[in-house]
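Visitor: Hi, I'm new to this one. Could you walk me through it?
Guide: Happy to. Let's bring it up on screen.
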Amino acid sequence: MLLSSLLAVALWEFCRPRRRREFPALRRRLGNIGFWVFNLVLAALIFEPPLRFRPELEAVAGISFLSWPIANAALSFVVGFLLLDLLRYLVHRCKHAVPFFWRFHALHHSDPDVDVTTSVRLHPIEHLFSSDVFWLAVILLDVPAIVALTYGLAVFIIEAVQHGNIRLSLRLERWLQPVLVTVDMHRVHHSVSFAQASCNYATVFSIWDRLFGTYTRLTRAQHDSIVFGVRELPRRDCLKPSAMLLTPWRIARAARTAA
């Protein structure tokens with residue numbers, strides 16, 4: 001399902017691309033996919049399934065963690081899904097607000113031609129940090145496995161669509177945005193403009209941006225003028241896997257130079 005969602009959006013991009021690419025796609029896409037594969041292997045080696053690890057942790061710590069308090073299956077699913085989505089919103093804001101975390105998250109934002117593979121363009125350190133937060137949340141809060149699994153799949157598929165070089169109709173955008181994060185809503189977040197990149201942090205539900213005052217909407221004309229990337233990083237260098245891996249240190253050096 002994960003690979004098929006990437007391929008489906010890639011086919012959509014190929015048939016009806018939204019904008020012309022600034023750079024050739026193959027090298028950049030291979031680099032992005034390479035980071036994804038490496039991150040999957042890394043996470044598989046480090047993180048044990050929560051259902052298996054929780055009893056082991058309780059035995060080592062000598063305490064019993066809280067049990068999930070909601071018995072009703074439907075209500076449990078809704079609350080758990082919303083809770084994980086809120087957590088993802090807060091973690092995303094943290095990645096932008098804390099300079100140390102931003103250095104790693106900047107790799108994701110440095111893609112000069114945002115497309116479906118940008119959704120999996122994550123620095124290994126960022127991937128481990130994000131995975132660790134959600135892994136611990138599921139363990140400590142005893143979030144039902146079906147909720148965690150469904151949320152993870154939903155996030156992957158939705159982010160593949162959100163980053164796609166595609167266009168939804170204006171009517172569909174207006175219909176979906178009050179509830180869900182759409183293509184137009186998320187692509188604003190990838191702008192080199194600090195003001196535009198500092199908004200629309202939500203992943204699945206747009207209510208978090210509206211609730212916390214970080215929601216921004218642009219006209220289609222404004223969307224056409226968006227420049228993607230990170231201002232401090234040379235755009236062509238962001239295509240090279242070696243430079244991509246060194247993004248945190250390149251960002252830190254740029255900050256020292258600016259100071």
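Guide: One term before we start: a pocket here is an open set of grid points with protein on both sides within 12 Å along at least five of seven lines, and its lining residues have an atom within 4 Å of a point. Also keep in mind that this is a predicted model.

Visitor: Okay, how do you find empty space at all?
Guide: Rolling a probe the size of a water molecule over the atoms shows where empty space is left.

Visitor: What is the volume of the largest pocket?
Guide: The largest pocket comes to about 1500 Å³.

Visitor: And which residues lie nearest its centre?
Guide: Those are Arg88, His127, Ser131, Phe134 and Gly152, out of 47 residues that line the largest pocket.

Visitor: Which helix gives the largest share of that lining?
Guide: That's α7, with ten residues in the lining of the largest pocket. Several helices supply at least two residues each, including α2 (25-46), α4 (73-97) and α6 (124-141).

Visitor: How do the lining residues of the largest pocket divide by type?
Guide: There are 27 nonpolar, 13 polar and seven charged residues in that lining.

Visitor: Let's move on. How much space lies in the second largest pocket?
Guide: The second largest pocket holds about 350 Å³. It is lined by 15 residues, and His96, Trp102, Phe194, Ala197 and Ser198 are the closest to its centre.

Visitor: Which elements give two or more residues there?
Guide: For the second largest pocket they are α4, α5 and α10 (194-197). The most comes from α4, with three residues.

Visitor: Remind me what a disulfide is?
Guide: A disulfide is a covalent bond between the sulfur atoms of two cysteines.

Visitor: So is Cys15 buried or exposed?
Guide: Cys15 counts as exposed, because its relative accessibility is 53% and the cut-off for exposed is over 50%.

Visitor: And Cys238, buried or exposed?
Guide: Cys238 counts as buried, because its relative accessibility is 2%.

Visitor: What does the side chain of Ser130 make a polar contact with?
Guide: Its partner is the side chain of Lys95, at 2.6 Å.

Key. Residues numbered from 1 in each chain as written. Predicted model: local features only at pLDDT ≥ 70, side-chain atom pairs only at ≥ 80, totals over all residues. Heavy atoms only, no water. 1 Å grid on protein atoms, 1.4 Å probe; cavity = no way out; pocket = protein on both sides within 12 Å on 5 of 7 lines; lining within 4 Å. Points joined across faces, edges and corners; volume = space filled by probe spheres on them. Helix = DSSP H or I, 4+ residues; strand = E, 2+ residues; numbered from the N terminus. Nonpolar A, V, L, I, M, F, W, Y, C, P; charged D, E, K, R; others polar. Buried < 20%, exposed > 50% of the residue type's maximum accessible area, 1.4 Å probe, protein only. Polar contact = N/O pair within 3.5 Å; in protein donor to acceptor, adjacent residues only side chain to side chain.
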